[in-house]
Amino acid sequence: DSRSLEALVLDAVSAVLGVPVDRILSPSRSAPIVRARQACMVLLREAGMSLPAVGKALGRHHSTVIHGLARAAASPILEACRVAFRVRLAAQARRR
């Protein structure tokens, strides 16, 4: 379900970037937290979530998600976050 998908993405990004999940979900606009949040936006969107659903998951408006996706597209950290997410997704699939 999408709740566990959100948790997997948040955990993966948090582990790779060292930003706690509660900070990713906070209103903070400091650069490291924003980068982590934008990485989450990309992963959630790639997993098939709609823009409004991604925004809701991260406590943001869908227009903020559109901006975040554009900013994160060139991020060098994105691939490491993708790998961490895939590892967590595969582990969850094995547990089922």
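Biologist: At what angle do α4 and helix α5 (residues 62-72) pack?

Modeller: This is a predicted model, in which local features need pLDDT of at least 70, side-chain atom pairs count only at pLDDT 80 or more, and totals for chains, interfaces and linings use all residues. Residues are numbered from 1 along each chain as its sequence is written, and side-chain values use heavy atoms, leaving out hydrogens and water. Axes are lines fitted to C-alpha atoms, for helices over the stretch in contact, with angles from 0 to 180 degrees between N-to-C directions. The axes of α4 and α5 lie 8 Å apart, and the packing angle is about 95°.

Biologist: Which term describes the orientation of α4 and α5 to each other?

Modeller: Angles under 35 degrees count as roughly parallel, over 145 as roughly antiparallel, 65 to 115 as roughly perpendicular and the rest as oblique. The angle here is about 95°. α4 and α5 are therefore roughly perpendicular.

Biologist: Which residues make this contact, and how many nonpolar, polar and charged residues does the contact of α4 with α5 have?

Modeller: Contact means heavy atoms within 4.5 Å. Leu51, Pro52, Val54 and Gly55 of α4 meet His62, Val65, Ile66 and Leu69 of α5. Ala, Val, Leu, Ile, Met, Phe, Trp, Tyr, Cys and Pro count as nonpolar, Asp, Glu, Lys and Arg as charged, and the others, Gly among them, as polar. The contact of α4 with α5 has six nonpolar, two polar and no charged residues.

Biologist: How do the axes of helix α3 and helix α4 cross, and is α3 oblique or perpendicular to α4?

Modeller: The axes of α3 (residues 31-46) and α4 (residues 51-58) come within 10 Å and cross at roughly 140°. That angle makes the orientation of α3 to α4 oblique.

Biologist: Is the crossing of α3 and α4 left-handed or right-handed?

Modeller: A crossing is left-handed if the near helix is turned anticlockwise from the far one by less than a right angle, and right-handed if clockwise. By that criterion, the crossing of α3 and α4 is right-handed.

Biologist: Which residues in α3 and α4 meet, and how do they divide by class?

Modeller: From α3 come Arg37, Cys40, Met41, Leu44 and Arg45, and from α4 come Leu51, Val54, Ala57 and Leu58. By class, the contact of α3 with α4 has seven nonpolar, no polar and two charged residues.

Biologist: How many helices and strands does the chain have?

Modeller: Helices (H or I, at least four residues) and strands (E, at least two) are DSSP runs, numbered from the N terminus. The elements run α-α-α-α-α-α. The totals are six helices and zero strands.

Biologist: Is serine 28 buried or exposed, and which residues does serine 28 touch?

Modeller: Buried means under 20% relative accessible area, exposed over 50%, partly exposed in between (1.4 Å probe, protein chains only). Serine 28, in the loop between α2 (21-24) and α3, has a relative accessible area of 16% and is therefore buried. Not counting residues up to four places away in sequence, serine 28 touches Arg23, Ile33, Val34, Arg37 and Arg60.

Biologist: Is glutamine 92 buried or exposed, and with which residues is glutamine 92 in contact?

Modeller: Glutamine 92 lies in helix α6 (residues 78-95). Its relative accessible area is 16%, so glutamine 92 is buried. Leaving aside neighbours within four places in sequence, glutamine 92 is in contact with Ser4 and Leu8.
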